[in-house]
Amino acid sequence: MKGVWKSGMFLTVLWMISTAVVEADQVDFAREIRPILSEFCFQCHGPDEQKREAELRLDVPDVATAARDGHTAIVPGNPEASELVARITSPDPDSLMPPPETEKQLTPEQIQTLKEWIAQGAKWDRHWAFKPPVRPALPEVSQEDWVQSPVDTFILHALETQHLSPSPRADNRTLLRRLHLDITGLPPTLEEIDAFEAHNSQDAYSGYVDHLLQSPHFGERWARHWMDAARYADSDGFEKDKPRDVWHFRDWVIQALNQDLPYNQFIIEQIAGDLLPNATQSQKVATGFLRNSMINEEGGIDPEQFRMDAMFDRMDAIGKSILGLTIQCAQCHTHKYDPLTQLEYYRMFAFINDSAEGSMVAYSPSQLQKRAGILQAVKDIESEIQHMFPDWQSRLTRWENSIQSNPSIWTVTKLHHRGDNDQRYEELPDGSLLAGGYAPTYFTATFTNVVDMPTIRGVRLEVLTDPNLPAHGPGRSVQGLFSLSEFKVLSKSLVDPEKEKWISFSQATADFSNPDTQLEKPYTNYEGQSSGMTGSVAYAIDGKNETGWGIDAGPGRRNQSRKAVFAASENMAWEGGTILEFHLVQAQGGWNSDDNQNMNLGRFRISLTDQESPTADPVPDNIHRILTLPPEQRSTLQNQTLFSFFRNLEPEWKPFNDRIEKLWQSHPEGSTQLVLTSQEKIRETRRLERGNFLNPQEVVTPGVPEFLHPLPPKDQYSRLDFARWLASEDSPTTARSMVNRIWQAYFGIGLVATPEDLGSQAAVPSHPELLDWLAVELMENGWQLKSIHRLILNSSTYQQSSIVQPHHLELDPQNRYLARSPRVRVEGEIIRDISLAASGLLDRSIGGPSVYPPAPEFLFKPPASYGPKTWNTQLDSNRYRRGIYTFRFRSVPYPMLEAFDVPNGDFSCVRRSRSNTPQQALTALNEPVFMESALALASMTLNLGGRSDTDRLDFAFRRCLTRNPDPLESQTLLRFLNTQRERFLQNRDQAAELIQAHSLTNESGPIDPVPLASWTALCRILLNLDETIMRQ
Amino acid sequence: MKTPDFQFDPLNISRRWFMQQCGVGMGAIALNDLLTQEGHAIHHSQPQFAPKAKRVIFLFMAGAPSHLELLDYKPQLARFDGSLPPADLLKGYRAAFINPSSALLGPKFKFSRHGQSGIEISELLPGLASVIDDVCVIKGMHTDAFNHAPGQILMNTGSQMFGRPSIGAWVTYGLGSESRNLPGFVVFSSGSKGTSGGNSNWGCGFLPTLYQGVQLRGGQEPVMFLNNPPGIHKQLQQDTLTTINQLNQHRLDLVGDPEIATRINSYEMAFRMQSHAPEVMDISREPQHILDAYGAKPGASSFANNCLLARRLVERGVRFVQLFHEAWDQHGGLVSGLTENCRNTDQAAAALISDLKQRGMLEDDPGWSGAANSEEPPWCRAATTAGTTTPMPSPCGWLAAASKAASLMENPMISVSMSPKTPCMSTTSMPLSSTSSDSITPNSLIDFKVGISASPMCTETLPIPSSPEYRTPV
């Protein structure tokens, strides 16, 4: 066998060489020369200035052909006079290129090719992928009747050139299963098998393809590829690896693909959906794409360091998933192979360096609808008030006049953090502090300042919203809330530090406090006892840590800036200056600070007053801001906001207000989603020397690399301009990169085998014209991805049999010419889906939060995981959702998926590896969900599969493999069944144990466990067959 | 037109990925080896010493043991105990938890010289002291990652960003596995916490999944899903595997896909693992004196048991065994914490070295390699200022010098050092330091800790590049 294979290799090589000799006409720069120069020369004679030797660059013709020190590297038409030829053939090691110490050596063939190219005039050309694709003519083919789709002409042409011929069409059932697995990632049901058999013709085939492309499961199957590129995971990564809510993004991808959102729009929304005019929730959620980066909240970190790491990760993701280029190389230095300078990298970086790092509250479609209804009803009631009380306007004006023109009595005081840098604080221009990094629980934050006010009679604490906080804050809890357990101030004399006093406060007031609320899970101690309650602001000065000030106004109104004022019983100041120490006790929260259990303040500001007995202004800041505008300049929305606030102040309107309050109480509880939000403060972007954020260099402005398409001229660029540039029809790589990955998903290998890199170092495309043709086709079809799917699925190329003939392995072992359909193991998620679908356990519902299927418990506890993690294994049908919905902890990957090569979202991945390991065998044999599937399939088979063993076997076999077993398979399996039945009859206890251990219900099971146990053993085999997990 | 050469070559592609994506560190070293193996050496020609390394046991002391209390004696620091460090020392100093009122802390434990080399070792490490002549201490390693997860990932993968292949993955990728019944790269965890950074410390990054570390545990089920599920008795499992393989063979005959043959092999090996792994993992088969030497107890779950298991595994051809002991993050309670951790690890680590030596598994010229960043962070000056510059009469004094030289170079670079006499103890110094809870009091501690991995690393020789230093490719 080995010998045969070897001689096959030999033949291939011989055949390739002879082809080369026969067809030695014009040397093709792009295919033959650039790869050689790129691999052997560009590292020292390429784009990177810092590493360039002898000022020679071979990627630019003018420089390469210019004379220098009496030598000319390349003299077009004259290899003998070209220094390059002399150097690559030099016998002197000191002169030889590439230098021997690089251990790179040109082959005689490569040297010959370079010589020929120079002899032919040394014509340069840009790298193919940097030129916009142009639709090539369809090649001529002789076997025209094989062509069903333009795709086929390219494939057939290449096959004919190589004297290969396509394989016959696959049989119907193979094709049916292939279509289902490729398009929806689920095997066909028995009904679908029968229906397909009944209407089989080419027309019916196309119709069936369209039908499957409309399936809502199409989005699930294809979203997975994009989520790999988007490095999706449900946790932060790094040490704490806390759970995060990002599943709205997953739902968005599924929906976008199902609706065939044009690919250019698909990109624009993900990079800058928030900046689109009147951005919808869905467009904002789409920006979760860039936010899938990891977040480090270890103790004592520098948040800016990890924001930068996240930025690099975002650039990498844009490079790999959209541009198909390895732009991350230029993070530290100018790219070695592609003409991308480090400066250009940071110019692109500047576009996306505008975002805050918080989250928004997002709602499911039904919640959105409900919310819209509530908002409308509130508006209606407000109109009703205005209708019934025509003098509402004069009442409002009267109130307005009564509260205006109060000069502020408050002076903002600077806050110096006195803690140990566990939680970090960033000072903002308005004097407020923004908490970041590690979020401890049960702790006191202490700040000091020196104040020279002679009289201090009160302190105001403003808690402020910020786009960097969860749900915009003002707290750091997952809902943006906090609890201020105690507010304490120690006042010391600047003159005599011995003199100090703890300030007693006579009164605490706030513009809002929530009603008393006992804190529940996760805000509990280790034993599960509540960490206390939140409520009135008075709790902040009651001397008890277990009660605190809370501001939870319920869903829809929760995340607002609020303020509390603490009136001192005496003058807080000392003569000659005062050192004030503010102690913000935050003793509520859960025991595990490695999880989302904090109730900390997020952004806050402290001000002082010399006025006696100050109280909190009940009028919020946003209302004050509206009031500063003359009435005629206020927008409709501002007038509405003003009225919504004012109506509460009129006792006469109480019945209306009560109705509105009730409506708000029915507001749905959304969940957070990490998104991009442009922050007001524009960040300056600088080039970072070697990518080190501590080594910033010159300021850079937003811009794009010169070797790619230009950016339309504009005064000021935003992230949205960058998004549109990425998705432009002028982009040479955007469309190519996408069609290449679709091709890869169908045929196992892309037309370019390196989908992450179409640049100079890319693998040579197998069918370059087809790649360009498809790219142009995509753009001309309005970027409709399904148009590309249709072209591929309806091709003869796609419909070929996957049976491997010996000559295939000899002539084209990697199947790059596609003389057969590839036979590929499906992705890890789909292996799980097949098992669940075949057994009837699969819950086919689409979308929603991630789920927790069974996993070994020890994984979520130390020492397997850093800290304890919550994994509440699902006991309902969510246990059997598709693999795409499985919750993904980055540091503790789900074992079954990990075994089958599912990446865990650490970095952008556009090509999965496919391994074949003993761990996979152990998983498919022994993992609980596979066992539960085997049992469920057995049970269904006994109930619905007919009466005889043969009928039942056909039933179970078809559910797994779509076809009936052949006689040998049937015989083997029935023999196995009989043996096990015999054995279980002798050991009924084992049969009962098998059933008991893998059934979720506590029922006692069938009276006779033997049939079910034996069929379970048989079904376990079916789920483990190679063919079951292959797309063939 | 000539026929394009687009045959898919995974090695070629991986190499390119490496060139483009890899940072520095252990990954780089291992890659260099495998390139050498494959005849594609790109950095240097002949190694100075013929590589003999076959297997690696890497004891990873996660969480940051204090080098100042274990291996890096600073008697002068005692004089400054309780005093504040000079202000300029902390100027622009980036570290977790340190603030201007964090005071210096003198050594809490006694040091004495041991072995022919006369290396100074803390009283906390009597075991290590007893085998010190088989150990090389490397001082002078630096890092710019001062948080646990990024630091540990840097140490294991060469990059503080997630997603790069770990050293174990590279080595297994480069050298393959010698065991037909066990995974090539095995990982154990012990300690009070799990490994910060999780799976990425032993992940395969962009290499095929085959090369990622497989976590083994003591106890009933050493490998996940190794045991037959309840109700699946042995004969049934055997019949099942036989039938699966028969049917797969039948399919192979029909469709000719070599992948099916691989699948048949995988199922066969899975079955062998099922019968083999429990025996390997059963340390009760060891004689009592060996158990006593390690302090291992059958049935328990401990670092000592893992050390003994590591030896059993490498004996059976496992290529790379990595033990993570995540317990060294002493912010407060330095004295009691270190004492306990050393009690839990020192004896077993020393026993492992002796045991390997006795079995002829420690070669004469094995190597250890460490990665250091050249940028000398300020904390390092702290150590020099407060301590002495006593010359180290250890076999690795030149290593420190090499590293020092590296630090003088303008650009950060990877510096790879090799000791002429190996199995070694290394200290990676890094800042971290000090206390969280009590750092605001003047008497609070400042413990410059061994950041990520004061990692005793025993090797039965990993072939490593001969030159003390080389630049990374990109």
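Trainee: Why is A:Met931 called buried?

Mentor: A residue is buried if 20 or more other C-beta atoms lie within 10 Å of its own, exposed if 12 or fewer, and partly exposed in between, with C-beta atoms placed from the backbone. A:Met931 has 24 other C-beta atoms within 10 Å, so this residue is buried. Please bear in mind that this is a predicted model, in which local features need pLDDT of at least 70, side-chain atom pairs count only at pLDDT 80 or more, and totals for chains, interfaces and linings use all residues. Residues are numbered from 1 along each chain as its sequence is written, while chains are lettered from A and ligands numbered from 1 in the order in which they are written.

Trainee: Where does A:Met931 lie, and with which residues is A:Met931 in contact?

Mentor: A:Met931 lies in helix α32 (residues 928-944) of chain A; helices (H or I, at least four residues) and strands (E, at least two) are DSSP runs, numbered from the N terminus. Two residues are in contact if their C-beta atoms, placed from the backbone, lie within 7 Å. Leaving aside neighbours within four places in sequence, A:Met931 meets this criterion with A:His998 and B:Pro229.

Trainee: What makes up the contact between chain A and chain B?

Mentor: Chain A gives 93 residues and chain B gives 80 residues. On the side of chain A that touches chain B, α1 (2-22) and α36 (1009-1024) are among the helices that each supply at least two residues. That side of chain A divides into 34 nonpolar, 31 polar and 28 charged residues. Here Ala, Val, Leu, Ile, Met, Phe, Trp, Tyr, Cys and Pro count as nonpolar, Asp, Glu, Lys and Arg as charged, and the others, Gly among them, as polar. The predictor gives the complex an ipTM of 0.89 and a pTM of 0.86.

Trainee: Why is strand β1 (residues 55-62) of chain B described as largely enclosed?

Mentor: In β1(B), 8 of the 8 residues are buried, so the strand is largely enclosed by the rest of the structure. B:Arg55, B:Ile57, B:Leu59 and B:Met61 point one way, B:Val56, B:Phe58, B:Phe60 and B:Ala62 point the other way, and all are buried. In a regular strand the side chains alternate between the two faces of the sheet.

Trainee: How do you know that β1(B) pairs with strand β7 (residues 320-326) of chain B?

Mentor: Two strands pair if DSSP finds at least two bridges between them. β1(B) and β7(B) have 7 bridges and run in the parallel sense. B:Met61 stands opposite B:His325 in β7(B).

Trainee: What makes β4 (residues 359-362) and β20 (residues 671-674) of chain A a pair?

Mentor: The two strands are joined by 4 bridges and run antiparallel. The bridge partner of A:Met360 in β20(A) is A:Gln673.

Trainee: Why is helix α7 (residues 148-157) of chain B also called largely enclosed?

Mentor: In α7(B), 10 of the 10 residues are buried, so the rest of the structure largely encloses this helix. B:Gly158 follows α7(B) and has a positive phi, near 85 degrees.

Trainee: How do you know which parts of chain B call for caution?

Mentor: The guide is pLDDT, the predictor's confidence in each residue, from 0 to 100. Chain B has a mean pLDDT of 67, and 64% of its residues reach 70 or more. Over residues 1-49 of chain B the pLDDT is below 50, and over residues 364-474 of chain B the pLDDT stays under 50. Where pLDDT is low, the predicted coordinates should not be read in detail.
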